[in-house]
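Subject: Structure for you to look at

Hello,

Here is the structure I promised to pass on. Please open it before you read the rest.

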Number of protein chains: 2
Amino acid sequence: MLGKAYDSQVCSIARTLEIVGERWTLLILRNALFAYSTRFGEFQRSLGIATNVLADRLDGLVSAGVLERSDEEGQPEYRLTPKGRDLATALIALTEWGDRWAAPLGAPIEYRHSECGSPVRVHTRCDACGQVEARDVEAHAGPGMPADRAELIEARIARVRAG
Amino acid sequence: MLGKAYDSQVCSIARTLEIVGERWTLLILRNALFAYSTRFGEFQRSLGIATNVLADRLDGLVSAGVLERSDEEGQPEYRLTPKGRDLATALIALTEWGDRWAAPLGAPIEYRHSECGSPVRVHTRCDACGQVEARDVEAHAGPGMPADRAELIEARIARVRAG
């Protein structure tokens, strides 16, 4: 558990990881998003995960509003909510990193645009300049950052810029 | 542990999560990338993590080639390798999801282009069509997917398309 450290409270990565920051959870969401799995048995067979762990993770994702459970035809189905579906970009970005650094036999999966079949990739773009390198990105304090911490963050960026 | 299930072996998300799929690990990388932390004490203070857990995670990231350890001035420093730095886009994508779904007081952090100061965001783009919705992305078999599994994947996509 991350605990309730102050730093975790004001970071959207930390909050995201509190919901989906566990390997099984992200693999369940991968299957829901890109393998169209909806049933307990589908997740179970594909992941080879213990049933009690899978039940726990599915319940957690339903509680978090990422999956929605329905019991049509006497069998529970788990479907992505808009909040769950919205994780697709992050999962594609994680896949791309794995393709570059941990796929000696080549990319196992290729993301393609359903309408035209061309490859889909994740890009880091500046609103003003278009595509930028991630190394040219700085993390500034936003509106949700308490003022005392915001000052520290901006001072740190200034120090780094000054070299 | 994910174990060595076949399915995990041919998925770049699974391989990525074997390296960085744990909350502390991703928060350590967040601090290295966007708070410029390099020292054990800096990570420890910011994350409030137990020192034995932090030492274990840092060692794991060094073994995985994501961080590089040096011992200049008698104090170890942990610096991102190109492989580690390349996780920035995935971390920005995770942040954006948290900003949309788990940041009631507004985004704590704003990513900005260091050269011009404008916001930087992650986009899902088709090579042919430009920006696309993540819901219009399909996961097809790539060159690293064994042929028998590739057939199953393509058959599943055809079934879903047929409704």
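Below is what was found in it.

First, a caution: this is a predicted model. All the values here are computed from it.

**The two copies**

Chain B superposes on chain A by a rotation of 180 degrees, with 0.0 Å of shift along the axis. The RMSD of that superposition is 0.0 Å. The two copies are thus related as by a two-fold rotation axis.

**Where they meet**

Of the interface residues of chain B, 100% are also interface residues in chain A, so the copies meet through the same surface. In numbers, 89 residues of chain B touch 90 residues of chain A. The size of an interface is often given as the accessible area lost when the parts come together. Here, about 8,600 Å² is buried between chain B and chain A. Carbon and sulfur atoms give 62% of that area.

There are 4 salt bridges between chain B and chain A. One of them joins the side chains of A:Asp127 and B:Arg121, at 2.6 Å from N to O.

**A helix pair in chain B**

Look next at helix H3 (residues 23-34) and helix H4 (residues 40-47) of chain B. They pack at an angle of about 115 degrees, and their axes are 11 Å apart. The crossing of H3(B) and H4(B) is right-handed.

Which residues meet there, H3(B) to H4(B)? From H3(B) come B:Trp24, B:Leu27, B:Ile28, B:Arg30, B:Asn31 and B:Ala32. From H4(B) come B:Phe43, B:Ser46 and B:Leu47. By class, this contact has 6 nonpolar, 2 polar and 1 charged residues.

Best wishes

Note on methods
Residues are numbered from 1 along each chain as its sequence is written. Chains are lettered from A and ligands numbered from 1 in the order in which they are written. This is a predicted model: local features need pLDDT of at least 70, side-chain atom pairs count only at pLDDT 80 or more; totals for chains, interfaces and linings use all residues. Side-chain values use heavy atoms; hydrogens and water are left out. Copies are superposed by least squares on the C-alpha atoms of residues with pLDDT of at least 70 in both. Contact means heavy atoms within 4.5 Å. Axes are lines fitted to C-alpha atoms, for helices over the stretch in contact, and angles run from 0 to 180 degrees between N-to-C directions. Helices (H or I, at least four residues) and strands (E, at least two) are DSSP runs, numbered from the N terminus. A crossing is left-handed if the near helix is turned anticlockwise from the far one by less than a right angle, and right-handed if clockwise. Ala, Val, Leu, Ile, Met, Phe, Trp, Tyr, Cys and Pro count as nonpolar, Asp, Glu, Lys and Arg as charged, and the others, Gly among them, as polar. Buried area is the accessible area (1.4 Å probe) that two parts lose on being put together, summed over both.
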